[in-house]
Each structure stands twice: as C-alpha cells, then as structure tokens.
Amino acid sequence: MNELLEKITASVIDTDEGDSAELAQEALDQGIDVFAIVDALTAGINELGRQFENLECFLPELILGGGAMEEAMKVLSPEIEKHVQKAEAPICLVVGNLQGDIHDIGREILCTMLRVAGFTVHDLGNNVKANVFVEKAIEYKADFIGLSSLLTTSLPFAKEVLSIRDACGKHDEIKVIMGGGAVTKEYVEQIGADGYSGTAVEAVELVKKMYAEGK
C-alpha cells in the first residue's frame, strides 16, 4: 500500500480527526485514486472493530475513529461524486446494521456511495431487528436488503433476515447482500445470502451487476 494510504488507515485507528481529513486532502492533491483512499479509511475502521471485539480498545475509541473517518469523507465526497457512474435503472435498497451492532460509520459510507451512484437508499440505522429489515424492504418495494456488521456477535441475526424474507415469499424479489468488518465471503455463502462486498466501492458494482443479471 502507498505510504500515505497507510498513514490514512493509521489516523483512523489512532482516532485523529484532524489528521484523517488533512491526509485525505493530501492524497487527493497527489492524485491518488479517491476510492483507494476510501478503502484505506475502511481498513482503519475495520481494524478498530477488531480491536473492540478483542477488548483492545473501547467504545470511546471506536466513536472517535468513526469521527475521524467521517471528517475525511467530507473531504472526499465531492470527488467521489465526479467518479461514480450513475445507475441507469431505478434501484432501491434498505440498509442497516444487524441487531446488536451500533456502529454507524461504515454503513454511512456505504449509503453515501450508493446514493452517489443514483440508487434510492433507505438507511434503517443501527441495531436493526431482522423482521424490520424485511418489513421495510416490502414497504419500500426494495430490490435489495443490505446488512452491515462490524461485530461477529451480530452475524447470527442475518440468518433470521433470510428466513423471514423467504417465509414472506420474497426470495426472488428481494436479494440480501452483506458487508462490514465482521463479514466474510465464506460466511455469506454458508448462510445462503445473495452477495458479499468487502468495501463500499465494491458494493456499488455488486448491486449494479446483480440487478443487471435479474438479481
């Protein structure tokens, strides 16, 4: 990884809002790809999530790290809008953090990326119960449910989302995709979810691809 990108990742882990924003601007000034900068920020918040789960850091650090990432995203957002190709189809998603996960920042970046791409996004927030995901997806006539998780303890609730969706007869109509620091491609395949994305940038392309293929 570029040394400056490594510094950006470290600035989130070190919870330094000023540094994160300044380094993000410096990276843009050097011509570094804006999505590479977003990925570097995401790597930082994912590492903080890992530390939090292992009791190596605590909630205040996690909140401060999220603040650092948010300040950097304010710098990056105008550039992101220039580079994201708008979707041709009217795609709708409901997105939220699984029950037990109260961490906003990764999901908020995802919602920003999806909206910039021209999708309609209903952000349900954090600590969302499984039935609420499905109820809101049906209410909004959503094409996708996006499940985010930074903590492994919240992952089992993803299975409930799938079970409730299927019980409502919406298996083919509403697809469930997952991402976040605690989520792996193997886990997504294991529980039978429909798609996995490692980053917010990848999520945009995943949604476009799945929609084009008839989900």
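Local features were required to have pLDDT of at least 70 and side-chain atom pairs pLDDT 80 or more, whereas totals for chains, interfaces and linings use all residues of the predicted model. Residues are numbered from 1 along each chain as its sequence is written, and side-chain values rest on heavy atoms, with hydrogens and water left out.

The strands were considered first. Helices (H or I, at least four residues) and strands (E, at least two) are DSSP runs numbered from the N terminus, and two strands are taken to pair if DSSP finds at least two bridges between them. An open sheet is formed by five strands in the order S2-S1-S3-S4-S5, with parallel pairing. Strand S4 (residues 175–179) is paired with S5 in the parallel sense over two bridges, and Met 178 stands opposite Tyr 196 in S5. Strand S3 (residues 144–148) and S4 are likewise paired in the parallel sense, over five bridges, with Gly 179 in S4 as the bridge partner of Ser 148.

Strand S4 is largely enclosed by the rest of the structure, because five of its five residues are buried. Both of its faces are covered: Lys 175, Ile 177 and Gly 179 are buried on one side, and Val 176 and Met 178 on the other. In strand S1 (residues 92–98) lies Gly 96, which is buried with a relative accessible area of 0%. The C-alpha atom of Gly 96 is separated by 26 Å from that of Lys 82, 14 residues apart along the chain.

Charged contacts were examined next. Side chains of opposite charge can pair when their charged atoms come close. With a salt bridge defined as a side-chain nitrogen of Lys or Arg within 4 Å of a carboxyl oxygen of Asp or Glu, the structure holds 12 salt bridges. Arg 165, Asp 166, Lys 175 and Asp 194 are linked in a network of such bridges. Glu 173 forms a salt bridge with Lys 170, the closest N and O atoms being 3.2 Å apart; Glu 173 is partly exposed at 42% relative accessibility, while Lys 170 is buried at 18%. In helix H9 (residues 200–212), Lys 208 and Glu 205 are separated by about one helical turn, because they lie three residues apart. Their side chains meet in a salt bridge (3.9 Å, N to O), and Glu 205 is partly exposed at 48% relative accessibility. A further salt bridge joins the side chains of Lys 209 and Glu 213 (3.1 Å, N to O), and both of these residues are exposed.

Surface patches were built from residues with over 30% relative accessible area and no salt bridge, like charges being joined within 9 Å and nonpolar side chains (Val, Leu, Ile, Met, Phe, Trp, Tyr) within 5 Å. Accessible areas come from the Shrake-Rupley method with a 1.4 Å probe, and for residues only the protein chains shown count as cover. Lys and Arg count as positive and Asp and Glu as negative, with His and the chain ends not counted; the place of a charge is taken as NZ of Lys, CZ of Arg, CG of Asp or CD of Glu. A patch of negative charge gathers Asp 14, Asp 16, Asp 19, Glu 22, Glu 26 and Asp 29 on the surface. Within this group, Asp 16 is located in the loop between helix H1 (3–13) and helix H2 (17–29) and is partly exposed, at 33% relative accessible area. A nonpolar surface patch consists of Leu 59, Ile 63 and Ile 102, which together have about 260 Å² of accessible area. Leu 59 belongs to helix H4 (residues 59–83) and is partly exposed, with a relative accessible area of 32%.

Backbone angles were also inspected. Most residues other than glycine have a negative phi. Leu 55, although not a glycine, has a positive phi of about 60 degrees. Leu 55 is placed in the loop between helix H3 (34–53) and H4 and counts as exposed at 63% relative accessibility. Asn 127, also not a glycine, has a positive phi of about 55 degrees; this residue is found in strand S2 and is partly exposed at 40% relative accessibility.

Notes: Buried means under 20% relative accessible area, exposed over 50%, partly exposed in between (1.4 Å probe, protein chains only).
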